[in-house]
Amino acid sequence: MSPRAGKSGPHTLAFVESPVQLLNVLEWAHVHALRGPAEPMPAVPNQVRRSVSGIPAPGAELTIVVLSPTDPMTRGQLRRMADLARDEGYRVRWEEARGGTTAPFQTIGGLAGSLRRADRVVMGDPFSRYVQLLLTITRARDLVVVDDGTATMEFVAQLARGERLVRWHRKGGRPGARDLLFAPVSSSARRRLTPSDRRRVEVFSSMPMTDTPQGVTVTANDFGWTRARFGPPRITKGADMVGTSLVETGVVDGDRYLEAVQTLAKAHGATRYFAHRRESTEKLHRLAAETGLEIVRPDLPLELIARRGPIGRTILSFPSTVVHTLPLALVGTGVRVAVCDIDPTWLTQNASPRAQGFLSGVTGTAKDVHRLAAVTNPSQPLLTPP
């Protein structure tokens, strides 16, 4: 890592593992008016350099650390997002965090000094074992969790209930050997993410929060940076579909998913399918062959793709993060976001017992979207009142 640039302001270290997390770090920095390390310190009186909540004020330095995954789709989007972050003046450190057996040890060892010096740590995925390990090193008084999609809803609820941190699609299953081995680290991370006299915790999110842990500051993400930098988009007459990785995570049956996509595309005249970065190539080839949809592999998070345009007048989706984020990114454009519920019969035998309720909650709490009934047969009416 390059030497820390000066000591002109509090230093913030952000850890991201996905393109959406990096986007939301940029949105968070935009709200808090952070700057890059090389940017001159603005002339701000000392007495107003900290906000009322105690969060370091404008002028704080931001370094973004990318804990790079191995799959090419995610890496490509992350590199594009890293370029956008550099364009904004932020320092970006790229870590091949999974590039071999010794990579995790080298990465954590190389970051230890920066973690101890950081005044504030921002993370996109508190469920990540990597992030949980890094939290055991930091002395930062300010911890921030930025959106990692629907997982943020589950994180906040688990923190409020004092539960162990487990991803929603795995909850209900028996912990494996690695889970038991890692349990002390996970418990330590949960304690560190609980506000105290020595530590402040902020959640920056566009997702609805039903249970907010006592002492946690929740800041709304309205995608102001995205709207300021991109668009407004050109709107086409047709419809576009948004893909999901629910098949890949073992929640939804592949054949049922394909049937639903085919029925929705036909009913709404969709022509393009924006693939989720985790969707398998085999599944996408089958979708293209059986539905006739043009498969688009986005090079940036969908919020930016949609904002740049062109984009369909209707965007069709299954329960996912985008039913909350796209209406914010596309506010004022006239684009309609429509979400199709997941029929219980689509779930696999291996799906978490919580899957149906969680997915229903994702849809039910979304604002400014149109509800579509779950597709069970091609003749079933699809549109239901919002």
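How are α8 and α9 oriented to each other? In this predicted model, helix α8 spans residues 254-268 and helix α9 spans residues 281-291. The two helices pack at an angle of about 40 degrees, and their axes lie 10 Å apart. An angle counts as roughly parallel when it is under 35 degrees and as roughly perpendicular from 65 to 115 degrees; α8 and α9 are therefore oblique to each other. The crossing in which α8 passes α9 is right-handed.

Sorted by class, the contact of α8 with α9 is made up of four nonpolar, two polar and four charged residues.

Helix α9 itself can be read side by side. Its residues K283, L284 and L287 are buried. They lie on the same side of α9 because the arc they cover around the axis is only 100 degrees. The partners against which the buried residues of α9 pack are α8, strand β9 (270-274) and strand β10 (294-296). Turning to the other side of α9, one finds E282, H285 and A289, which are exposed.

Finally, the chain can be followed past the end of this helix. Just after α9 comes G292, whose phi is positive, at about 80 degrees.

How values were computed: Residues numbered from 1 in each chain as written. Predicted model: local features only at pLDDT ≥ 70, side-chain atom pairs only at ≥ 80, totals over all residues. Heavy atoms only, no water. Axes fitted to C-alpha atoms, helices over the stretch in contact; angles between N-to-C directions. Helix = DSSP H or I, 4+ residues; strand = E, 2+ residues; numbered from the N terminus. Parallel < 35°, antiparallel > 145°, perpendicular 65-115°, else oblique. Left-handed = near helix turned anticlockwise from the far one by under 90°. Nonpolar A, V, L, I, M, F, W, Y, C, P; charged D, E, K, R; others polar. Buried < 20%, exposed > 50% of the residue type's maximum accessible area, 1.4 Å probe, protein only. Arc of directions from axis to C-beta. Contact = heavy atoms within 4.5 Å.
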